[in-house]
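Trainee: I am new to this structure and would like to go through it step by step. Could we look at it together?

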Amino acid sequence: MPKAILVSLYDYNTLSLAPHVVAQNWGDTDVMEFSIFTDTAEGIAEKLNATDAEKIGFSSYIWNFTLIKSIIPLLRGKKIAVGGPHVK
């Protein structure tokens, strides 16, 4: 399992290439994609906690920052980075 995971939280019609490009260039990094409509904070956190990744990265936007704020307290034993235009 990778040392880092970049989390992609989007709607049905949106996909960002940025996490995939970053993961490809960083090495030992994967991207996990989730939907803001069908995935819950608990379900996302459970999947992230089940990985061996040491670091979890989020990009915060207006459409996903509330969900990110709900996920972060549920993560255990991970270093967390949040970036993007809507970091609060």
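Trainee: In what order do the elements of the protein run from the N terminus on?

Mentor: This is a predicted model, and what follows should be read with that in mind. The protein has three helices and four strands. Read from the N terminus on, these elements follow the order β-α-β-α-β-α-β.

Trainee: What share of the residues of the protein count as buried?

Mentor: A residue is called buried if its relative accessible area is under 20%. The protein exposes about 5,400 Å², and carbon and sulfur atoms supply 54% of that area. Of the 88 residues of the protein, the share that count as buried is 35%.

Trainee: Where does isoleucine 36 lie, and is isoleucine 36 buried, exposed or partly exposed?

Mentor: Isoleucine 36 is found in the loop between strand S2, residues 29-35, and helix H2, residues 41-49.

Trainee: Which residues is isoleucine 36 in contact with, leaving aside its neighbours within four places in sequence?

Mentor: The C-alpha atoms of isoleucine 36 and serine 8 are separated by 9.6 Å, although these two residues are 28 residues apart along the chain. Once neighbours within four places in sequence are left aside, the residues in contact with isoleucine 36 are Leu9, Tyr10, Asp11, Trp63, Asn64 and Leu67.

Trainee: Why is the pair of tyrosine 10 and tryptophan 63 described as tilted?

Mentor: The structure holds three aromatic pairs. In the pair of tyrosine 10 and tryptophan 63, the ring centres are 6.1 Å apart and the planes stand at 40°. Planes under 30 degrees apart would count as stacked and planes over 60 as edge-to-face, so with its angle of 40° this pair is tilted.

Trainee: How many residues apart in sequence are the parts that this pair ties together?

Mentor: Tyrosine 10 belongs to strand S1, residues 4-10, whereas tryptophan 63 sits in the loop between strand S3, residues 55-59, and helix H3, residues 65-71. Tyrosine 10 is buried at a relative accessible area of 7%, while tryptophan 63 is partly exposed at 40%. The parts that the pair ties together are apart in sequence by 53 residues.

Trainee: Which residues form the aromatic cluster?

Mentor: Tryptophan 63 also forms an aromatic pair with tyrosine 61, and this pair is stacked, with 4.7 Å from centre to centre and 5° between the planes. Tyrosine 61 counts as partly exposed, at 22% relative accessibility. The residues that form one aromatic cluster are Tyr10, Tyr61 and Trp63.

Trainee: Which residues does asparagine 64 touch, not counting residues up to four places away in sequence?

Mentor: Asparagine 64 lies in the loop between S3 and H3, and at 1% relative accessibility asparagine 64 counts as buried. Not counting residues up to four places away in sequence, the residues that asparagine 64 touches are Leu9, Ile36 and Ser59.

Trainee: Which residues form a nonpolar patch on the surface?

Mentor: Valine 82, which is found in strand S4, residues 79-83, is partly exposed with a relative accessible area of 34%. Together the residues of the patch have about 200 Å² of accessible area, and these residues are Ile80, Val82 and Val87.

Definitions and conventions. Residues numbered from 1 in each chain as written. Predicted model: local features only at pLDDT ≥ 70, side-chain atom pairs only at ≥ 80, totals over all residues. Heavy atoms only, no water. Helix = DSSP H or I, 4+ residues; strand = E, 2+ residues; numbered from the N terminus. Contact = heavy atoms within 4.5 Å. Phe/Tyr/Trp six-rings, centres within 6.5 Å; stacked < 30°, edge-to-face > 60°. Buried < 20%, exposed > 50% of the residue type's maximum accessible area, 1.4 Å probe, protein only. Patch = residues over 30% accessible without salt bridge, like charges linked within 9 Å, V, L, I, M, F, W, Y side chains within 5 Å. Areas by Shrake-Rupley, 256 points an atom, 1.4 Å probe, with all protein chains shown as cover. Salt bridge = Lys/Arg side-chain N within 4 Å of Asp/Glu carboxyl O.
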